[in-house]
Amino acid sequence: MPVFMNEEEKELIQIGPATPSGEVFRRYWLPVEVSANLGGKPGSFPGFNNPLRVRVLSEDLVLFRDGSGKPSLLAEHCSHRGTSLLYGRVEENCLRCLYHGWAYDGEGNVIDTPAEPPGSNLKHTVRHPSYPCFEVAGLIFAYLGPQDKIPPFPRYEELFREDGVRLTGNGGRIQKSPAFLQTLDNVLDVWHRDILHGWFKGMPPRTTLHWGQNGEPASPLKYERSPWGAYYIYIANTPKAGVYHYHETHAVFPCVRHVGGSGKGLHWAVPIDDHTTRWFSVSFHPTVDSHPQTDVAQSLLDPRPMDGHANLPDDWVEQVGRWWNLGHPWRQGQIWEDEVAMGTQGDPAHDGFPDWERWHLGTSDRGMMLNHQLWREQIDRVREGLDPIGIIRGHAAEELIRVPAAQFHLGFDEAMRLFNMSLEDRIAEFSHATPHSAGPRVAEPTVRR
Ligand code: FES
Ligand SMILES: [Fe+2]
């Protein structure tokens with residue numbers, strides 16, 4: 001029984017080394033761990049959790065922080081005879097294998113082979129696989145692609161701005177889904193909002209986004225391409241007459257859900273392997289009159305980890321049970337519904353991968369179709385030796401990247417003014433729209449959907 005329906009599907013669902021989608025991922029900087037989880041900062045060197053095993057894009061790696069505080073990422077298995085470097089010893093300038101003491105610096109150079117005779121040349125003949133790292137905003141990023149294609153680190157404003165409070169998640173949300181693309185399709189899936197996250201939590205059937213109701217025309221909704229990927233904007237009804245919800249969410253390649261609200265932020269869905277994704281998140285909350293916004297203060301008091309269910313058993317979704325079990329303490333925020341919706345899309349007859357030939361797509365699936373189209377285009381670009389979408393080089397790479405993700409409560413005309421504005425004009429408009437200066441707009445708290 002073939003695992004894949006056709007070659008095209010196969011290209012879109014595997015992310016290991018030398019796979020087409022895997023090569024696309026390997027042209028971007030990806031978060032691989034949360035700084036706080038690695039520990040071992042200068043002063044507490046080498047730290048309790050140092051080194052750490054991380055699995056990224058189906059590669060087993062070991063992350064360590066040397067005495068200078070710099071994080072480094074090496075292939076897990078020792079180049080001598082394969083022992084895991086997870087059990088190695090972190091020293092001032094290296095990670096030393098416990099078996100025969102081979103010592104590796106952060107670039108994968110073998111700097112000591114203590115069991116070899118003096119003058120041995122062996123260490124100069126070996127280069128251990130390693131990947132460059134960059135640490136910012138409480139996250140450690142790595143670039144797993146070819147050195148001659150390495151791009152400058154992308155300067156998203158939420159990672160670099162200093163005029164506010166930054167909240168970094170704990171990396172504890174591990175999501176199982178048939179393929180990484182399912183998770184990214186969901187970023188551009190507008191219509192599940194009212195249904196999955198409302199109706200199936202005991203709220204009324206879909207009403208805020210509609211195809212025409214109570215004499216109103218259909219809710220304004222559009223999907224468009226951006227310099228980084230794609231986005232949607234919709235204008236939804238709210239319980240208040242005359243107040244509308246302007247919602248703009250961006251899918252930023254390769255795997256970022258960029259959401260607006262008073263804490264605008266990036267949520268990366270980084271594939272651990274073909275069936276598992278790990279979420280990392282950073283949100284940035286600009287200060288208002290030198291004070292944090294009230295919802296940030298609430299977030300800091302909230303005992304729930306930012307990224308949800310750390311330390312839950314692998315089968316926690318099954319243990320929580322069916323839809324009526326709304327009060328289960330493991331159901332946290334919006335996560336449970338999305339996990340079930342995506343996690344059950346696989347087909348056991350296809351080794352758990354989705355069987356796309358049995359799906360029936362409609363008008364509401366336009367975001368997903370755009371996502372697939374974009375992925376096919378990036379696969380082609382990478383094959384041709386070009387940068388995929390969103391890679392910025394040269395002087396332009398020094399500028400902050402301002403993705404105009406936003407959520408506002410507005411009157412209909414004002415919402416439509418933004419809806420019809422060009423992307424460039426919205427970037428300019430939103431970069432001045434702090435919650436304080438936005439006039440009648442009320443920025444909504446970030447909602448995880
Ligand atoms: S296996 Fe690592 S030093 Fe021998
Ligand atoms: Fe969702």
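This is a predicted model: local features need pLDDT of at least 70, side-chain atom pairs count only at pLDDT 80 or more; totals for chains, interfaces and linings use all residues.
Visitor: What makes the largest nonpolar core a core, and which residues have the most contacts inside it?

Guide: A nonpolar core is a set of buried Ala, Val, Leu, Ile, Met, Phe, Trp, Tyr and Cys residues joined through C-beta atoms within 7 Å. Buried means that 20 or more other C-beta atoms lie within 10 Å of a residue's own; 12 or fewer makes it exposed, anything in between partly exposed, and C-beta atoms are placed from the backbone. The largest set here has 85 residues, and Leu30, Val32, Val56, Leu63, Ala142, Tyr246 and Trp268 have the most contacts inside it. Strand S15 (residues 229-237) gives the largest share, 6 residues. Domain 1 (29-149) and domain 2 (157-443) each supply at least three; those bounds come from an automatic or database domain assignment.

Visitor: Which residues is Ala142 in contact with, beyond its neighbours within four places in sequence?

Guide: Contact needs two C-beta atoms within 7 Å, again placed from the backbone. By that test Ala142 touches Leu30, Val32, Leu73, Tyr131, Pro132 and Cys133. Ala142 is also the bridge partner of Leu30, sitting in S11.

Visitor: How do you know that S1 and S11 pair?

Guide: Two strands pair if DSSP finds at least two bridges between them. S1 and S11 run antiparallel and have 5 bridges, so they pass the cut-off. They belong to an open sheet of 3 strands in the order S1-S11-S10, with antiparallel pairing.

Visitor: Why are S1 and S10 called edge strands?

Guide: Strand S1 (29-34) and S10 each have a single partner strand, so one side of each lacks a neighbour in the sheet.

Visitor: What makes Ser58 and Ala137 partly exposed?

Guide: Ser58 has 16 C-beta neighbours inside 10 Å and Ala137 has 18, so both fall between the limits for exposed and buried. Ser58, in the loop between S2 and strand S3 (59-65), has a positive phi of about 65 degrees. Ala137, between strand S10 (133-136) and strand S11 (139-143), has phi near 55 degrees. Most residues other than glycine have a negative phi.

Visitor: What kind of peptide bond joins Phe253 and Pro254?

Guide: A cis one, with omega about 0 degrees; Pro254 lies in the loop between S16 and strand S17 (256-259). Asn50 and Pro51 are joined by a cis bond too, with omega about 10 degrees.

Visitor: What makes both faces of S17 count as covered?

Guide: Val256 and His258 on one side, and Arg257 and Val259 on the other, are all buried. S17 pairs antiparallel with S16 over 3 bridges, where His250 stands opposite His258. S17 also has 4 bridges to strand S18 (residues 264-273), with Arg257 opposite His267. In the hairpin of S17 and S18, Gly261 takes a positive phi near 125 degrees.

How values were computed. Residues are numbered from 1 along each chain as its sequence is written. Chains are lettered from A and ligands numbered from 1 in the order in which they are written. Helices (H or I, at least four residues) and strands (E, at least two) are DSSP runs, numbered from the N terminus.
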